[in-house]
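Please look over the structure shown here before reading the notes that follow, which are grouped by topic.

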Amino acid sequence: MGIDFSLIWILIIFFGVMMYVVMDGFDLGIGILFPFAPDRHDRDVMMNTVAPVWDGNETWLVMGGAGLLAAFPLAYAVVLSALYLPLIFMLLGLILRGVAFEFRFKAHEHERHFWDKAFIVGSVAAAFFQGVALGAYIEGIPVVDRAFAGGAFDWFAPFPLFAGLGVVVTYAALGSTWLILKTEGALQAAMIRLTGPLLWALLAFIVAVSIWTPLAHPGIAARWFAWPHMLWFAPVPLLVVFCAVQLLRALRGAPHAAPFLYVLGLVFLGYTGLAISVWPMIIPPEITIWEAAAPPQSQGFALVGALFIVPFILMYTAWSYYVFRGKVRPGDGYH
Amino acid sequence: MFGFTALELARAQFAFTISFHILFPAITIGLAAYLVVLEGLWLRTRQTLYRDLYHFWSKVFALNFGMGVVSGLVMSYQFGTNWSFFSDFAGGVTGPLLAYEVLTAFFLEAGFLGVMLFGWNRVGPGLHFFSTLMVSIGTLISTTWILASNSWMQTPAGFEIIDGRAVPVDWLAVIFNPSFPYRLLHMTVAAFLATALFVAASAAWQLLRGRDNPAIRKMLSMAMWMLVVVAPMQAVIGDFHGLNTLKHQPAKIAAMEGHWENHPGEGVPLVVFAWPDEAREENRFAIEIPRLGSLILTHSWDGQFAGLKEFPREDRPPVAVVFWSFRIMVGLGVLMILLGAWSLLLRRGEALYRSRAFLRATLWMGPAGLLAILAGWFTTEVGRQPWVVYGLQRTADAVSRHEALPLAISLGLFIVVYCVVFGVGIAYMLRLVRKGPELHEGDTGLVGGPGHERQQMRPLSAATDDDLRAAAHRS
C-alpha cells in the first residue's frame, strides 16, 4: 500500500473550499449587508475593504472545482450535474456582484444605484444557492451507471432551502465582523450592533442543522452518537459554545479583530462538523472518495504541483493582505 | 423545448458563454504585456507620458479583467454541469491541466492584481513593476495550460483507454501534444494583435476628434509597430497550424477548404467563395482559383489531400460554418497586414497622425482582432465536431443527461445576464477609452485608478493633493 493520494487530495480540497468559504464569505457578506448601510460613503468604504482581494478570494472556488475534476472526476461530473440549477444561479449571482466592484466606480451618479442593487442581489443569490447546493449535497445524490439519477428540481426541498438561509446568515456574520476589523466610527458601530443578532441567528442554524441531519439520516446519527466516536467529536459542540461566548464578550468592549476570529472559528467548526457527517463519501450517500478517484497518474501529477505551489500562493496572498492592512476610511482611496 | 434537443441547448450555451468569455482574456493577455512595457519604459526613461499611458490603460485593464474572471468562473464549472460524461471520461487528463492553470496562473494573477491596480503608492516602484510583471506572466501561463488542454481534445496523445476512461501515461506527451505548439503561438499572437488594434483604434478616435497629445501619438505608434511585426508573423504561424491540422484532423481541413473530392491527376483549387451544400455534397456558386489549394496545403502544384466524401457522413463537421468562419478569419488577417503596411508608408513626417483616411480605417479595424479570434475558434471547435475529444468521444455522448427545461432556463438567463452585464461593461470600457489618457495624471499623490471613483469622474490633472481631498469630501 503506497501513499493514499485520494486521502491527501480530499484534504487539499477540504482546505481549498474552507479558504473559499472564509475569504469569499466575508466578501459576499459585505454585499448581503449593503441594505443595512444606505449611505453612499459607507458603501464606498465597505467595497474598498475587499476591492483589492476579491479576485483572489474567488480563485479558491475555481481551485475547488479544478481540484475536484483533477482528483475525483466522477464526483465533479455527478455532483455538478446533479446541482445544475443551484450552481448556475450561484454563478450568475457571482457575475452580477463581481462586476459591480468595477462598474460601481465607473458608473455615472444616476446609474450607481443599479450596481448597488446588482451587488446586493448577486451576493445574496450566490450565498443562498451555495447553501442550497450544500444542503442538497448532504441530503444525498442518487447515482445510476456513473450518472445523476434524480430530478432537476430535487434541491427545491425544505432542508436545502433552509441551508441556503443558513449560509446567507453565516456570510453576513463574517462580513459584519470583517468590517468591524477594517472600519471605524459610525460604520463600525453599526456593524457591532448588527453582529449580535447575526450571531444568535447563526447559532440557531447550527443547532437546527445539528438536530435535523441526524434525525433525517440514520448514518449521520450513527457517526456522531455511537460510542466512542461521541467522545472524539464532543469538542466540536463545546468549542462552538466557547467561540459564541467569547464573541459576545468581545462585542461589549472596543472590538477590533477578535469578533472576526471567533466567527471564523464557528465557521470552521460547522464546516468540520459537516465533513465528519459525510466522511468518507464524496457523493453521499454511497460513493466514497476511493470509488470516485482519478487514476493515480492524474492524482499524483496534480499533487506534485499542489504541494509545491500552494505554500507560495499562501505567501503572496498574505503579502497582498499585508499591503492593504489597516482601517479603510471614507474618501480614502488606496494611495 | 421550443423544438431544440437538450444536446443542442447545451451546445448553444457552451458556444455562447465561451464566445463571450474569450474576448476578455484576449484583451487581458495583450494589455497586461503592454502595461509591463509601459511601466518598464516609465521606470527606465522617466518620461511621464509612459506613466500616463500606464494609468489610463490599467483602468481599462481592470474592467476587462473583472469581466474575464466572472465569465471564466462559469467555464470552470460548465464542464461538470453540462458535460459530465466528458469530465468522467477525460477528467483524468484535463483535470490536472486545469488544476495547474489555477495553481500557477489564476492565483498569481489575482494575488498581484490588487497591488498592481491599487498599490501604486503603497509599495515601491520596483515592487509595483514586479506585480505588473507577475500579472502578465500569469496571463501567459494561463494561456499555456488551457491551450494544452484544448489541444489535447483536438489531437489527443500520451494516454491509454482503461475501463472506458482516458488515463494519462506520459504527461509530457499529453501537454506537448501534436497541435499544442501551433495553437499556443497562434492564440498568443492573436491576443497581441487584437489588443494592438484596440489600442490603435482608441488613439485614432482621439486624433479624429482633434485631441492630439504626445501620449495619444505614442500609443498609436506603438500599436502600429506591433501590427507591422506581428500581423505577417501570424500568417506564417497560421500556415504551419493549417499543415498540422491537415496531418491530424484531415476532415476539418476538408471542411475549411470546402473540398469534397479529388479528381485524378488534378491539383486542388482554392475555393474563394461558395455555398457548401451538405445534402448534395458539393459547392454551389463556387469561385475557385485552380491549384492554389494544393499549393498552400501540400506546397506542390498538383498535390492532393482528402476530400469530405472520403469521410463517412457521421464523421464530418458542419461544413458551411467551418468554411465561412475560416474565410472571415483569413480575410481580417489580410486586412491587418495591409493596415500595417499602410502605416509604414505614412511613417515619414507626421502623416501617421494626420491622414484621416488611415485613422478612419484604423478605427474601423478596432474590433477586427477580436472578430478574427472568434472566427478562428469557431473554425477549430466546430471543425472538431462531431467529436468532443477527436476520434475518442463524440459530443453527443459527452453531454449531461438533463431535461430540456432546466437547460432552457439556464441558457435564457445566461443570455439576459451576459447581454446586460457585459453590454454595460463594454459600454463603460468604451466610455473610459473615449476620455483618453490624461497628461500628468500621476503627478498628484492620488493615483486612485480602478476602484476609485474620483479619477474616473473628472479630470484632476492640475489639482493639488489637498484640493483633491477637499473635492472628494464635497462630492
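In β4(B), N283(B) is the bridge partner of P276(B). This is a predicted model, in which local features need pLDDT of at least 70 and side-chain atom pairs count only at pLDDT 80 or more, while totals for chains, interfaces and linings use all residues. Residues are numbered from 1 along each chain as its sequence is written, and chains are lettered from A and ligands numbered from 1 in the order in which they are written.

**Strand pair in chain B**
- Strand β3 (residues 270–277) and strand β4 (residues 282–289) of chain B run antiparallel and are joined by 6 bridges; strands are DSSP runs of E with at least two residues, helices are runs of H or I with at least four, and both are numbered from the N terminus, and two strands pair if DSSP finds at least two bridges between them.
- β3(B) and β4(B) form a hairpin with 4 residues between them, and E281(B) in the turn has a positive phi of about 55°.

**Side of chain B that touches chain A**
- In chain B, 71 residues are in contact with 61 residues of chain A, where contact requires C-beta atoms, placed from the backbone, to lie within 7 Å.
- The largest share of this side of chain B, 23 residues, comes from α3(B).
- By class, the side of chain B that touches chain A has 41 nonpolar, 24 polar and 6 charged residues, with Ala, Val, Leu, Ile, Met, Phe, Trp, Tyr, Cys and Pro counted as nonpolar, Asp, Glu, Lys and Arg as charged, and the others, Gly among them, as polar.

Note on methods. Two residues are in contact if their C-beta atoms, placed from the backbone, lie within 7 Å.
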